[in-house]
Amino acid sequence: MSLETATTRVGEPSRHPVIVVGAGMAGLVAAVALFEAGIPVHVYEAADDVGGRIRSTRGNDGFILDRGFQVLLDAYPAASRWIDYEPLALGTFDAAALLWTGRRLVPLANPFRHPAGSLRDLTSRILPAGDKVRLAALGARAALAPWQSANQAATSLGNDISGSEFLWSQGFSETFVDRLARPFWGGITLDPHLSGSAGPLLFTLKMFLKGSAVLPAAGVRAMPAQLQNRLPEGAITFKARVTSIVIEEGRATGVRVNRKMIRASAVIVASDPVTAKKLTRVRTLPDEEQGIPSVTVFLAGSSPPGTGPRLVLDATRQRLVNHLAPLSAVQPAYAPPGQHLLAAVIVGEAARTGDLDALSLQAREDAAMMLGHRTQDWHVLDVVRVPFSQFSQPPGIYRRLPGNVTPTRGLYLASEATVDSSYNGAMLSGEVAAGIVRRDLATASGAD
Ligand SMILES: Cc1cc2nc3c(=O)[nH]c(=O)nc-3n(C[C@H](O)[C@H](O)[C@H](O)COP(=O)(O)OP(=O)(O)OC[C@H]3O[C@@H](n4cnc5c(N)ncnc54)[C@H](O)[C@@H]3O)c2cc1C
């Protein structure tokens, strides 16, 4: 899998479509943007469906299971440009959480969204009062910042530091970091040590203040499906793995799929970062070892979890489960009538190496304990490990990530790996890649 140099003459590039490699969110946005700008485009996708890491299945039992616990933050700037929320019939998480203290669940909510509990939350001793003031001040700063991505939030710091260092530098206590920040942002970045860049922490704080975490009624797959529907019939070839990019006279002129060469006016590689690195040889793309794993245990039961649409965070940091997401309380379509669906999420080292059967049983016990239920009230529906859920984003990474333009003419990247590891990063990258390709094709045809 690589770049392939040929010696044949280059044909007339403008007659061929732009080829997009991969139908994840980045590739789909790039393809839709080009198609809607009147540029012929064709997508080759190795899998049998769109979405890449964003997949959902509805089983015969009536449960919808996403490919691990995932949520859309509806304030993501790129999502609001590319996704039409109305038809997705979104279910919304409360702007609140329940913190498991080892004995009970303590509620904590954004007082502006949930004023009814504000006096209780402000006087609760789960977090020091000073930290609540600091969080309000940090939130005000984040809300006013012009960031369009976690990448931009990190870059605005000048000297990017880790999430934990950032919180300490702002005067937050160990109690705050351990009880709230590690399970909450550790759940978002899949890094409970908060050793990654402070960018995702700041940007998601802004997103949670501007909007909500939401789930489409048909599962997260509804987002890529919506983009697919904006492309003409037959614009995507499935089960078509691109094995190399064809380079002629120093320019990308096509791809090879099942040994067959397919010509292109330009090639946008929108695969996962590891494959993109092999195909393009852009060295600054993340490797397999930079993948962060996650494990989601889906639990079903006939009694409601009793949390309402609120995340449960392990404030003790003693449990295997980092957080519980009451999926069907947020989006009732995720479970058949009379049933309830819960996601128990495991991050950190156990997610990388733990035996899945053992993890599932422990997750079920943890979930029941945190909810004050009996273990037998919940049964394991499925367990999903995604070894490369996100790529690791240590401080300073955003200065090292590649841009959309590669050193090879006619070869471009559209991927979370040019922005940051999120739906927003992927969509923003697809949008920017399409803009650059349009400009370059227009320049080339002007020069003809
Ligand atoms: C469990 C989990 C939870 C997550 N939670 C969230 C969340 O809550 N919020 C959030 O913002 N982000 C979340 N993410 C991250 C988010 O899903 C990704 O950042 C984003 O989907 C990446 O999109 P992409 O288009 O860059 O890449 P991908 O989704 O990886 O898409 C790449 C596509 O390229 C295809 N492909 C690969 N190789 C080839 C080839 N040789 N030829 C043809 N096609 C190829 C693949 O099959 C795939 O369809 C989560 C991810 C996981 C796995």
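Guide: In this predicted model, strand β12, residues 242-248, pairs with β13 in the antiparallel sense over six bridges. Within that pairing, S244 stands opposite R256 in β13. The two strands β12 and β13 form a hairpin with two residues between them. E249, in the turn, has a positive phi of about 50°.

Strand β13 also has β14 as a partner: the two run antiparallel and are joined by four bridges. Here G254 has R263 of β14 as its bridge partner. β13 and β14 likewise make a hairpin with two residues between the strands, and in this hairpin N258 takes a positive phi near 50°. N258 belongs to the loop between β13 (251-257) and β14 (260-263). Is N258 buried or exposed? With 11 other C-beta atoms within 10 Å, N258 is exposed.

A word on the backbone angle is in order. Most residues other than glycine have a negative phi. N258 is a residue other than glycine with a positive value. L190 is another residue other than glycine with a positive phi, in its case near 60°. L190 lies in the loop between α7 (174-189) and α8 (198-210). L190 has 24 C-beta neighbours inside 10 Å and therefore counts as buried, whereas N258 is exposed.

The surroundings may now be considered. The protein is divided into three parts: domain 1 (2-55 + 221-285 + 401-447), domain 2 (58-108 + 212-217 + 290-393) and domain 3 (127-210). The contact between domain 1 and domain 2 takes 19 residues from domain 1 and 17 residues from domain 2. On the side of domain 1 that touches domain 2, the elements giving two or more residues are α9 (222-228), α10 (273-280) and α15. The largest share, five residues, comes from α15. By class, this side of domain 1 has 11 nonpolar, three polar and five charged residues. The C-alpha centres of domain 1 and domain 2 are 33 Å apart.

There is also an open sheet of five strands, in the order β11-β3-β2-β15-β21, with parallel pairing. β11 (236-237) and β21 (411-413) stand at its edges with a single partner strand each, so one side of each is left without a neighbour in the sheet. The partner of β11 is β3 (residues 41-44), and the two pair in the parallel sense over two bridges. Y44 stands opposite T237 in β11. Helix α1 lies across β2 (18-21), β3 and β15 (266-269), and runs at about 165° to β3.

Finally, there is the ligand. Helix α1 (25-36) supplies at least two residues of the shell around the ligand, as do β20 (378-391) and α15 (423-447). Of the 35 residues around the ligand, G22, G24, G52, G68 and S271 come nearest. This shell has 14 nonpolar, 15 polar and six charged residues. Why does the ligand lie between domain 1 and domain 2? Domain 1 and domain 2 both give residues to the shell, so the ligand lies between them.

Key:
Residues are numbered from 1 along each chain as its sequence is written. This is a predicted model: local features need pLDDT of at least 70, side-chain atom pairs count only at pLDDT 80 or more; totals for chains, interfaces and linings use all residues. A residue is near a molecule or strand if its C-beta atom, placed from the backbone, lies within 6 Å of it. Ala, Val, Leu, Ile, Met, Phe, Trp, Tyr, Cys and Pro count as nonpolar, Asp, Glu, Lys and Arg as charged, and the others, Gly among them, as polar. Domain bounds come from an automatic or database domain assignment. A residue is buried if 20 or more other C-beta atoms lie within 10 Å of its own, exposed if 12 or fewer, and partly exposed in between; C-beta atoms are placed from the backbone. Two strands pair if DSSP finds at least two bridges between them. Two residues are in contact if their C-beta atoms, placed from the backbone, lie within 7 Å. Axes are lines fitted to C-alpha atoms, for helices over the stretch in contact, and angles run from 0 to 180 degrees between N-to-C directions.
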